[in-house]
Amino acid sequence: MRIVDFRSDTLTVPTEEMREAMYEARVGDDVYGEDPTVKELEEMAAAKAGKESALFVTSGTMGNQLALLSHTKRGEEVILEENSHIYNAEVGGAAFLSGLQPRPIKGNRGIMDLEDIKRAIRPEDIHFPRTGLICIENTHNMAGGVVIPVYQMEKVYSLAREHNIPVHLDGARIFNAAIHIGCDVKELTQYCDSVMFCLSKGLCAPVGSILAGDKSFVDKAKRYRKMIGGGMRQAGVIAAPGIIALEKMVDRLEEDHKKAFGLAAGLSGIGGLTLDKERVDTNIVMVDVRNTGCKAHELTDVFREKGILAVAINERMIRFVTHKYISEEDVQYAVDTIRGVLS
Ligand SMILES: *Cc1c(COP(=O)(O)O)cnc(C)c1O
């Protein structure tokens, strides 16, 4: 049976070229700072993000958690969006590891209103926690791959600066955002103090993410990385495909966006499915299935029997993610199959 797997862009496997680079990678002990391939990746990543320094970490979650640890003190508050990954999908790490109190704000399609952020920033008072950090997620995963525009990033950053609060950007898919806008990624990352981005999603590396910021921040994060067991030895073998991810896989994200738009256009013509195809910015398509009379997970079970894999994120929404290993024909096949199931 033909399988088309839309569950996530994390399902991408390393390319042939990445496999060869892994085999040939020069390595050393990275805890001693002696792995040349890790160093090369970190320098390249810092330059791409327009930051002084960068750290190779095992996952996006580790990168975000190290950012929380490094920017804040225990008992402080972190402002973040209600449906953000850091708040919902990192096992409560903000509380467990950093001792932070989350201050979630309900966004509009993942975008927090500036006035809401303003109101959430704590004034000095003996009763109040201090606001230690503001997090932004771009692209916003659960909002459906929504791109946070440059002007919004800028507004949040200047507000944060007025109050001396650092800003961390969960940019797991920041290159998707830059490709959608048609700008250099630095235009977005200039409006944050630190940024995490994933090499292992649409960029196809097998493992790893980057945390970038100024040198003192990254030095601090590096100590915490060691503390939580993320100091890696001959990590050059997994950094090598990361270099190819940054050099050769960024521009191709455009194709993923085209496929997502094609998928959205196809699905929006099917009775019972509700989605706004104009609102598909990047490689994620969220479909509301309420009007089919079925629950999302019931439908994903039926789709799976037909070889179409997608994720039910709650009772009424199904998430489809496009990536390198889904072709335009796969998208057409999926649309036809789903139409068949629902008619
Ligand atoms: C995937 C993702 C992460 C976490 O990355 P992992 O490598 O899976 O830990 C963080 N934030 C967002 C927005 C993501 O989509």
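Q: In which loop is Asn164 found?

A: Helices (H or I, at least four residues) and strands (E, at least two) are DSSP runs, numbered from the N terminus. Asn164 is found in the loop between H7 and strand S6 (167-170). This is a predicted model, in which local features need pLDDT of at least 70 and side-chain atom pairs count only at pLDDT 80 or more, while totals for chains, interfaces and linings use all residues. Residues are numbered from 1 along each chain as its sequence is written, and side-chain values use heavy atoms, with hydrogens and water left out.

Q: What is the phi of Asn164, and is the residue buried or exposed?

A: Buried means under 20% relative accessible area, exposed over 50%, and partly exposed in between (1.4 Å probe, protein chains only). Asn164 has a positive phi of about 60° although it is not a glycine, and with a relative accessible area of 73% it is exposed.

Q: Which peptide bond is cis?

A: The bond from Asn138 to Thr139 is cis, with omega near 0°. Thr139 is in the loop between strand S5 (131-137) and helix H7 (150-162).

Q: How many aromatic pairs does a search of the whole structure find?

A: Rings of Phe, Tyr and Trp (its six-membered ring) pair if their centres lie within 6.5 Å; planes under 30 degrees apart count as stacked, over 60 as edge-to-face and the rest as tilted. The search finds three such pairs. One of them joins Phe6 and Phe320 edge-to-face, at 5.4 Å centre to centre and with 75° between the planes. Phe6 is in the loop between strand S1 (4-5) and helix H1 (16-24) and Phe320 is in strand S12 (residues 317-321), so the pair ties together parts that are 314 residues apart in sequence. Both residues, Phe6 and Phe320, are buried.

Q: Over which rings do the charged ends of Arg2 and Arg122 sit?

A: A charge sits over a ring if NZ of Lys or CZ of Arg is within 6 Å of the ring centre and within 35 degrees of the ring normal. Arg2 places its charged end over the ring of Tyr333, 4.5 Å from the centre. For Arg122 the ring is that of Phe128, with 5.5 Å to the centre.

Q: What does the side chain of Arg252 reach?

A: A polar contact is a pair of N or O atoms within 3.5 Å; within protein, one must be able to donate a hydrogen and the other to accept it, and residues adjacent in sequence count only if both atoms are side-chain atoms. The Arg252 side chain reaches the backbone oxygen of Gly202 at 3.4 Å. Arg252 is in the loop between helix H11 (236-248) and helix H12 (253-268), and at 9% relative accessibility it counts as buried.

Q: Which residues come nearest to the ligand?

A: A residue is near a molecule or strand if one of its heavy atoms lies within 4 Å of it. Of the 14 residues around the ligand, Gly60, Thr61, Asp170, Arg173 and Lys201 come nearest. A ligand oxygen is 2.6 Å from an N or O atom in the side chain of Thr61, and a ligand nitrogen is 2.7 Å from an N or O atom in the side chain of Asp170.
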